[in-house]
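Welcome! Take a moment to look over the sequence and turn the model around before reading on.

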Amino acid sequence: MILVRTLLWVAAWGVIATMIGVLHSAAAAPWVFSAGLVGLLAVHVGYLARLNHWAGLPRQRDLPVGIGGWGGVLERLGRYMRAEAVERGETAAELERLHAAVDLLPDGLVVLDRYDHVQWSNRTAQQLHGIFGRRRPIDHFIRQPEFLAYLQSADFGRPIVLSLPDAPGRRYALRIVPTVDAYRLLITHDVTDTERLDEVRRDFVANVSHEIRTPLTVVSGFVETLLEMDLPADERRRCLEMVQRQTATMQRLVEDLLTLASLEDALKPTELQPVDVVLLLQHLAADTRALSAGRHVIEVRTESAATLLAAPQELDSAVRNLLTNAVRYTPEGGRITVAWQVIDAEGTLWVRDTGIGIAPEHLPRLTERFYRVDRGRSRATGGTGLGLAIVKHVAQRHQARLDVESRIGVGSTFTLRFPASRLGSRPVDRSETVTA
Ligand code: ADP
């Protein structure tokens, strides 16, 4: 465009110079034409000089205004500069958003250059490793020999797990991921909870195996005796009864494990409905009497007619476990009471016995899976060590508290306190005390 305009300008000036030559003097024509060319050159050189001056200025300065062919050139250049500025602004904003998001990641991220100097780090990495400034070697901040050896090794397939001085009590997996141009990414991930869970799982599997092995050993011993020896009928019967008792223990264990697994399934919703607690306790007391077979006095006190919004099966399972324990840990002639009251607006369900009691140091651990005060006694009475863990989970799923009060040789009281929001009223007030 500028070329065409220049050629047109030269041609027009040539015509003017020729006309001056024809009208005035022929000798003046080349001078007039040359003067025009010099003028044109001066304009172009002037614009080039201004453009050169502008290029040396800070970027935000406006472009010089152009005339003729330069007008179009400078306008296009201006448009390009404005578009580029907008794009640069958008890229900067996007980068800022990305940094802000990466800063919020719970994992630490560090970009290392080919010399393992910190190029960039997010906030988590700065807090965990105490990183500050830029371009400092990473081994200024992470000094553990295991990490230094890992950094030098070429094998980054697996992370290394470390404790960090700035985060006591927690464990972190550090992994290096090679990226482009010999740059590397150091990712720090908190594995404390995963490690704890792994430990709990390992302990649990070991406990279950141990619980099953004991009755299994007894069963296989008796079966071997029965196969190899020709025992008299009453001896045979005694052996088979033993086998039956042990298989019943294993069966109870499996049932309790399944109950616990379903209670621990956070995704399984608790199907709630108003439960007639009075009726439930009367049924459970009848079953408990059958279990006790007349060895204990069993009493039901229902001082409230309120219904409880609960999962009926879960509630049944929790109270049944408490009543079964009361029978198992209360010597013959003792008294067992199960009660339903509203105290301070809370639905209060308690089971009290006059049994052997529990020493205070055991109370905080009672609801742990497989925790027993007296292993021998628990086994002898067919315990699985899971009863109170089940009760605790049922309580949690109903936003209830489980309190235990106990005195050695006097007895124990296990109390479930349900929030007022779970209580409902029955159409007929049946406040009553049923004693059996
Ligand atoms: P277990 O099957 O062994 O009874 P639980 O989880 O039901 O397991 O109870 C844990 C432990 O708490 C029991 O082993 C026992 O030592 C103690 N315990 C539970 N209930 C009572 C109670 N009513 N009286 C005395 N001790 C109890």
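Here, contact means heavy atoms within 4.5 Å. With that in mind, Leu280, Leu281, Leu284, Asp287, Thr288, Leu291 and Ser292 in helix 8 meet Leu315, Asp316, Val319, Arg320, Leu323, Thr324 and Val327 in helix 9. Please remember that this is a predicted model.

**Helix 8 and helix 9**

- Helix 8 covers residues 277-292 and helix 9 covers residues 312-328; their axes cross at roughly 35 degrees and come within 10 Å.
- The crossing is right-handed as helix 8 passes helix 9.
- Sorted by class, the residues in the contact of helix 8 with helix 9 are eight nonpolar, three polar and three charged.

**Helix 1 and helix 2**

- Helix 1 (residues 2-23) packs against helix 2 (residues 28-55) at an angle of about 155 degrees, and their axes are 8 Å apart.
- Angles over 145 degrees count as roughly antiparallel, and therefore helix 1 and helix 2 are roughly antiparallel to each other.
- These two helices, helix 1 and helix 2, have a right-handed crossing.
- Helix 1 brings Ile2, Thr6, Trp9, Val10, Trp13, Gly14, Ala17, Ile20 and Gly21 to the contact, while helix 2 brings Ala29, Val32, Phe33, Ala35, Gly36, Leu37, Leu40 and His44.
- The contact of helix 1 with helix 2 has twelve nonpolar and five polar residues, but no charged residues.

**Helix 6 and helix 7**

- Helix 6 (residues 192-228) and helix 7 (residues 233-264) pack with their axes 9 Å apart, at an angle of about 160 degrees.
- That angle makes helix 6 roughly antiparallel to helix 7.
- Helix 6 and helix 7 have a left-handed crossing.
- On the helix 6 side, the contact includes Phe204, Val208, Glu211 and Ile212, and on the helix 7 side it includes Arg236, Cys239, Leu240 and Met242.
- By class, the contact of helix 6 with helix 7 has 16 nonpolar residues, one polar residue and two charged residues.

**Around the ligand**

- Which of the 21 residues around the ligand come nearest? They are Asn325, Tyr329, Ser378, Gly385 and Leu388.
- Tyr329 has a polar side-chain atom that lies 2.8 Å from an oxygen atom of the ligand.
- In the side chain of Arg328, an N or O atom is 3.1 Å from an oxygen atom of the ligand.
- For Asp353, an N or O atom in the side chain is 2.9 Å from a nitrogen atom of the ligand.

Terms used: Residues numbered from 1 in each chain as written. Predicted model: local features only at pLDDT ≥ 70, side-chain atom pairs only at ≥ 80, totals over all residues. Heavy atoms only, no water. Axes fitted to C-alpha atoms, helices over the stretch in contact; angles between N-to-C directions. Helix = DSSP H or I, 4+ residues; strand = E, 2+ residues; numbered from the N terminus. Parallel < 35°, antiparallel > 145°, perpendicular 65-115°, else oblique. Left-handed = near helix turned anticlockwise from the far one by under 90°. Nonpolar A, V, L, I, M, F, W, Y, C, P; charged D, E, K, R; others polar. Near = heavy atom within 4 Å. Polar contact = N/O pair within 3.5 Å; in protein donor to acceptor, adjacent residues only side chain to side chain.
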